[in-house]
Amino acid sequence: MLELHEVEVAYGNIRALKGISLSVAEGELVTLIGANGAGKSTTLKTISGLLRPKAGTLLYQDQALDRLPPHQIVALGISHCPEGRHLFGRLTVTENLRLGAVQRRDREKVPDDIEHVYKLFPVLKDRRAQLAGTLSGGEQQMLAIGRAMMSRPRLLLLDEPSLGLAPILVGLIFETIQQLKREGTTILLVEQNARLALEIADRAYVMETGRVTLQGPATELKHNPQVEHTYLGT
Amino acid sequence: MNLVFYFLQQLVNALSIGSLYALMAVGLAMVFSILRLINFAHGDLIMVAAYIAAFALLGKLPLVVTIVLMLAGTILLGLLMERVAYRPIRGAPDVAALLTSFAVGQILQNGTLLVTRLLQRPNPLAFPVISALSGVFTFGSITIPRVNVLSLVLGIILLVLLSLFVTRTDLGLSMRAAAEDLPAARLMGIDTNRVIATAFAIGSGLAAVAGLLFAVQAGQLTPYMGFTPVLKAFIAAVIGGFGSISGAIIGGYALGGLEVLLTAIPGIGDILPPGLVAPGVQAWLRQWLPSSLTSYRDAFVFIVLILVLLFRPNGILGSREREEMG
């Protein structure tokens with residue numbers, strides 16, 4: 001479904017991605033793990049079009065992504081839920097959800113999808129007229145995921161959904177991620193919490209300073225001595 | 001009784017000048033909120049709109065055609081400005097954008113001068129009298145220029161429409177989203193070029209309306225006439241809270257009110273009917289608030305601006321929005 005081949009990205013003179021290749025198949029949940037600065041978020045931003053690759057190819061269902069602006073990439077069915085949530089804090093919960101669906105053609109189905117998000121996260125329904133900036137961290141993350149789902153993506157890019165959340169909320173968010181997968185959404189998940197990510201993922205890539213250093217089925221990587229030592233702290 | 005009429009007259013003046021400032025300030029604020037660009041060429045759009053209207057009227061075109069030409073011409077020019085001058089430098093440091101806006105302003109001023117010469121028209125150019133907009137309304141003992149009433153009514157109608165646009169439509173919502181977080185807006189699938197072009201188009205259209213009303217009031221045009229309005233609009237936007245549309249509207253009316261107040265209060269001692277206040281007070285007002293103080297109005301406006309910047313650097317609405325953010 002998604003195929004990255006030898007992708008290089010640079011911020012000025014700093015090479016953030018030094019030629020990474022990875023693939024995600026339809027229906028899969030794939031995770032990218034690695035330390036801060038390894039290039040995980042850069043990879044997602046390059047897929048969604050916020051950054052332009054210097055070299056390499058990005059294919060989504062046989063279509064090249066590297067020359068498309070972000071709004072056309074969203075229209076193809078890729079939705080990026082960014083690190084730090086990036087909600088529109090001065091807009092209401094409902095307005096944030098409406099914005100997630102701006103580029104959709106089937107306008108009449110948008111209210112139903114908003115209801116679907118409220119079913120997934122009932123607390124958001126209680127807060128629907130509140131400004132997004134006044135929500136708690138957990139509620140904000142729920143809204144960020146809900147907003148990303150409003151474009152009805154076939155591929156969802158999730159960047160650090162557990163960051164800064166209490167353990168009980170992390171559990172809730174990860175259950176939701178699994179439910180989205182069951183509903184048929186393909187997911188590429190970037191996580192610092194390698195243990196949890198490997199728990200729910202089908203496959204994983206380990207990134208280090210702009211390169212993929214390890215890859216394989218999540219169950220295998222979980223027991224890889226190097227991964228255990230560096231990322232699982234055992 | 002006289003005093004009541006005087007008050008009403010000044011109120012209409014305040015609301016009409018406030019409408020003009022608000023119409024100009026929202027254009028500045030919309031563009032700034034998305035691009036962090038202070039578009040000083042916005043004032044020159046007002047000037048160009050006035051010139052298009054003047055040339056059309058001098059060419060004996062009917063008023064309706066004149067207005068359509070003026071709106072279309074100014075909006076196209078605003079869009080061209082964005083496409084040719086501002087889009088290529090998007091992402092460059094703010095200073096580069098600011099300097100570009102001065103350059104665009106210079107080009108518009110000199111272009112207008114050139115067109116004036118080519119058409120063999122004088123500079124300054126007398127704005128043709130529009131019979132529908134000239135003359136006064138008389139209510140009892142007060143007289144109000146028609147153009148003031150029109151500014152007030154038109155200003156309020158257009159600003160209400162703009163508010164409905166930004167709150168009720170997807171494009172308006174996208175504009176607010178882009179103003180708050182441009183990268184996140186792009187991830188939503190918002191075509192930011194389209195949103196930015198829309199902001200320029202709406203701002204230019206409102207500037208054109210303000211330009212026409214401004215020209216009717218001033219009666220005379222020069223290619224440099226855009227400077228004072230854009231400066232006033234900038235002050236209005238800063239007072240209200242720069243970068244928010246509602247702040248620009250509130251700031252516009254606040255500035256209008258302030259200016260009229262600063263014009264109306266000096267010389268009040270001469271107008272108060274005898275016996276309303278003690279003779280001593282009246283003499284004091286005459287001595288310390290003489291009508292000659294009116295000429296210092298702009299100095300007082302800038303003093304108020306400095307006070308706002310000192311005590312409420314985010315403008316009238318600014319600090320409230322911070323509270324909303326929690």
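A residue is termed buried when its relative accessible area is under 20%, exposed when it is over 50%, and partly exposed in between, as computed with a 1.4 Å probe on protein chains only. By this criterion B:Glu82, at 1% relative accessibility, is buried.

The model is predicted, so that local features need pLDDT of at least 70 and side-chain atom pairs count only at pLDDT 80 or more, whereas totals for chains, interfaces and linings use all residues. Residues are numbered from 1 along each chain as its sequence is written, chains are lettered from A and ligands numbered from 1 in the order in which they are written, and side-chain values use heavy atoms, with hydrogens and water left out.

A salt bridge is a side-chain nitrogen of Lys or Arg within 4 Å of a carboxyl oxygen of Asp or Glu; over all chains, 18 are found. In chain B, B:Glu82 takes part in a salt bridge with B:Arg87, with 3.1 Å between the closest N and O atoms, and in another with B:Arg90, at 2.8 Å. B:Arg87 is partly exposed at 22%, and B:Arg90 is likewise partly exposed at 31%.

In chain A, the closest N and O atoms of A:Arg152 and A:Asp113 lie 2.7 Å apart in a salt bridge. This pair links distant parts of the chain, 39 residues apart: A:Arg152 belongs to the loop between helix 6 (137–149) and strand 7 (155–159), and A:Asp113 to helix 4 (residues 110–120). Helices (H or I, at least four residues) and strands (E, at least two) are DSSP runs numbered from the N terminus. A:Asp113 is buried at 12%, while A:Arg152 is partly exposed at 41%.
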